[in-house]
Amino acid sequence: MLSFPRSNNTTGIDVSADENGIFIATDIWTVPIPKNMAKTYAKNYSDTSIKNKVNEGFFDWEGKVCLTHNDAKIMLSKSEANDLIDLIEKKYL
């Protein structure tokens, strides 16, 4: 499990992974991302030929990294995004 602190909520952001996928949760919402989609997002961001050219997944934005999945979007620091991608790669790739 990963935890990223945030000043705008009490619990920050918690990320967990199981055989079904990853779960990104705060104190008020949870976004599940199926395993196959999480793998695709991590691979796309690591592939410089398509990085930042896809509509979903990780992409760079104004010095940070945005993770988008369906209607959910979350801004991460580059370090947080790298930690999340490492979790996906260790768990599924």
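Student: With which residue does Lys 51 form a salt bridge, and how far apart are the closest N and O atoms?

Tutor: A salt bridge is a side-chain nitrogen of Lys or Arg within 4 Å of a carboxyl oxygen of Asp or Glu. Here Lys 51 pairs with Asp 60, and their closest N and O atoms are 3.8 Å apart. Please note that this is a predicted model, in which local features need pLDDT of at least 70 and side-chain atom pairs count only at pLDDT 80 or more, while totals for chains, interfaces and linings use all residues. Residues are numbered from 1 along each chain as its sequence is written, and side-chain values use heavy atoms, leaving out hydrogens and water.

Student: How many salt bridges does a search of the whole structure find?

Tutor: The search finds 3 salt bridges. One of them joins Lys 78 to Asp 60, with the closest N and O atoms 3.3 Å apart. Lys 78 belongs to helix H2 and Asp 60 to strand S5, so this pair ties together parts that are 18 residues apart in sequence. Helices (H or I, at least four residues) and strands (E, at least two) are DSSP runs, numbered from the N terminus.

Student: Which residue forms a salt bridge with Glu 80?

Tutor: Glu 80 is bridged to Arg 6, with 2.8 Å between the closest N and O atoms. Because Glu 80 lies in helix H2 and Arg 6 in the loop between S1 and S2, the pair ties together parts that are 74 residues apart in sequence.

Student: Is Glu 80 buried or exposed?

Tutor: A residue is buried under 20% relative accessible area, exposed over 50%, and partly exposed in between (1.4 Å probe, protein chains only). Glu 80, at 11%, is buried, whereas Arg 6, at 24%, is partly exposed.

Student: How many aromatic pairs does the search of the whole structure find?

Tutor: Rings of Phe, Tyr and Trp (its six-membered ring) pair if their centres lie within 6.5 Å; planes under 30 degrees apart count as stacked, over 60 as edge-to-face and the rest as tilted. The search finds 1 aromatic pair. Its rings, those of Tyr 45 and Phe 58, have centres 5.9 Å apart and planes at 50°, so the pair is tilted. Tyr 45 in helix H1 and Phe 58 in strand S5 (residues 57-61) are 13 residues apart. Tyr 45 is buried at 9% relative accessible area, and Phe 58 is buried at 2%.

Student: Which residue has its charged end over the ring of Tyr 45?

Tutor: A charge sits over a ring if NZ of Lys or CZ of Arg is within 6 Å of the ring centre and within 35 degrees of the ring normal. The charged end of Lys 51 does so, 4.3 Å from the centre of the Tyr 45 ring.

Student: Which residues touch the most other members of the largest nonpolar core?

Tutor: In soluble globular proteins, nonpolar side chains tend to be buried together. A nonpolar core is a set of buried Ala, Val, Leu, Ile, Met, Phe, Trp, Tyr and Cys residues joined through side-chain atoms within 4.5 Å. The largest one has 23 residues, of which Ile 24, Phe 58, Leu 67 and Leu 84 touch the most other members. H2 gives the most to this core, with 6 residues. Contact means heavy atoms within 4.5 Å; not counting residues up to four places away in sequence, Leu 67 touches residues including Ile 24, Phe 58 and Leu 84.
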